[in-house]
Amino acid sequence: MSSGTGAAAIPIQRSPWDSDPAELERIRQDFPILQRQVHGKPLVYLDNAATTQKPQSVIDAISRYYSLDNANVHRGVHYLSQAATEAYDTVRQKTGRFLNARFPSEVIFTRGTTDGINLVAQSYGRRLVPGDEILITEMEHHSNIIPWQLVAQQTGAVLRAAPMTDSGEIDLKEFEQLLGKQTRFVSLVHLSNALGTVNPVKEMIGLAHERGIPVLIDGAQSVPHLGVDVQDLDCDFLVFSGHKLYGPTGVGVLYGKESLLEKMPPYQGGGGMIDTVSIERSTWAPVPQKFEAGTPMIAEVIGLGAALDYVHALGLPSIAAWEHQLLTYATQELQQIPGLTLVGSASERASVLSFVLEGIHPHDVGTVLDQAGIAIRAGHHCAQPTMQHFRVSGTARASFGLYNTMLEVDELAAAVRGVAEMFI
Ligand code: ALA
């Protein structure tokens, strides 16, 4: 993997469970849902880009919190409140270490990736004035398009998108040309949920920084599948979701450089984010509390902490290596199916395989596979501009997680071959 991807901190190596099926089976036992059947068939879960399954340790951490430790944080002098506050703040420190942030206060808990991008758009973005430009790319998820459209409408700023090539890679020359005198902000996806492309974000951040432009990285897919080092990338902001990292839904992380977060106005007002309040005016708590109005997602943050522990114990380099092997094998197997076209053939891809079958609607592919117990996603993947580029209404998408097996790839390939033959 080149250093340009920003994942240089995670060298690809062989995964320990690569040559030891018993180790992979042991890992699978950690995920109770993988033992269930769907339509009378063992579940083959290949929709990890949408959400990942949860290990028992995450489920137990949430259950234990509600059973034994439930209390509000940052508000009480009593034992439980202090214990909950300590548990909550410990996850902030853990997340900071996971991302290699300089300070734990650079970690803000959000409801998820979408919430984090909206926070930056509605806080940092409020400084934009008519004629200012925001630069994204053609391969963004809707959650990295709409918040910028909204702030552009509010401020008179202009939203531009760097185009991609037909292999699903950002055209870096075009990207650089679009970094103009008026560009005030850049927001980029690291790993495309629709194509699997790994963008050279470190290089792109460097190009933006040469012009003094801050950059947000949408790490929804890259944080769980590649791992990210925010200091190595030198991104100004990065967002991800807990539920795509084997943690719970309803919690995510916004990393921001302290110097930027300190200058930004609050996104939402309420309890917990203030220093002083009078009817006339209020002053704000320091970062990160300034951005965490109201009772936060305490149980979810604690579940995220357990997910970080789980991933850390296995090691992201091992996870990335295993998923790389699954993707390579799946690509090789699916490419042999008559009538199948891969959508997205970038030289650097991870964890996601998008495809269309000639003359067959992706939803039909998804429905037939579902009957075989195989869960994939079919549709536009909340990336309609990406679909428009490839002139398709949607794709079928298999996406891998740390617990998938080569046998499951064989089952996927056999089922997709069956669909192709059924409709010919
Ligand atoms: N963004 C998620 C996906 O790609 C929901 O499926």
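**View A. The right-handed crossing of helices H4 and H5 in a predicted model.** The crossing of H4 and H5 is right-handed, a crossing being called right-handed if the near helix is turned clockwise from the far one by less than a right angle, and left-handed if anticlockwise. The contact (heavy atoms within 4.5 Å) is made by Ile117, Asn118, Val120, Ala121 and Gln122 of H4 together with Pro147, Trp148, Leu150, Val151 and Gln154 of H5. These contact residues divide into seven nonpolar, three polar and no charged, where Ala, Val, Leu, Ile, Met, Phe, Trp, Tyr, Cys and Pro count as nonpolar, Asp, Glu, Lys and Arg as charged, and the others, Gly among them, as polar. Helix H4 (residues 113-123) packs against helix H5 (residues 146-155) at an angle of about 15 degrees, and their axes are 9 Å apart. H4 is therefore roughly parallel to H5 (angles under 35 degrees count as roughly parallel, over 145 as roughly antiparallel, 65 to 115 as roughly perpendicular and the rest as oblique). This is a predicted model in which local features need pLDDT of at least 70 and side-chain atom pairs count only at pLDDT 80 or more, whereas totals for chains, interfaces and linings use all residues. Residues are numbered from 1 along each chain as its sequence is written, and side-chain values use heavy atoms, with hydrogens and water left out.

**View B. Helix H3 against helix H11.** The axes of helix H3 (residues 79-99) and H11 come within 9 Å and cross at roughly 40 degrees, and the two helices are therefore oblique to each other. The crossing of H3 and H11 is left-handed. Ala87, Tyr88, Val91, Lys94, Thr95 and Phe98 in H3 meet Ile298, Val301, Ile302, Gly305, Leu308, Asp309 and Val311 in H11, and the residues of this contact comprise nine nonpolar, two polar and two charged.

**View C. Helix H11 and the glycine that follows.** Of the 17 residues of H11, 13 are buried (under 20% relative accessible area, with a 1.4 Å probe and protein chains only), so the helix is largely enclosed by the rest of the structure. Just after H11, Gly315 takes a positive phi of about 95 degrees.

**View D. Pro385 in helix H14.** Pro385 is found in helix H14 (residues 384-389) and, at 26% relative accessibility, counts as partly exposed, that is, between under 20% for buried and over 50% for exposed. Leaving aside neighbours within four places in sequence, Pro385 is in contact with Glu138, His142 and Ile145.

Definitions and conventions:
Helix = DSSP H or I, 4+ residues; strand = E, 2+ residues; numbered from the N terminus. Axes fitted to C-alpha atoms, helices over the stretch in contact; angles between N-to-C directions.
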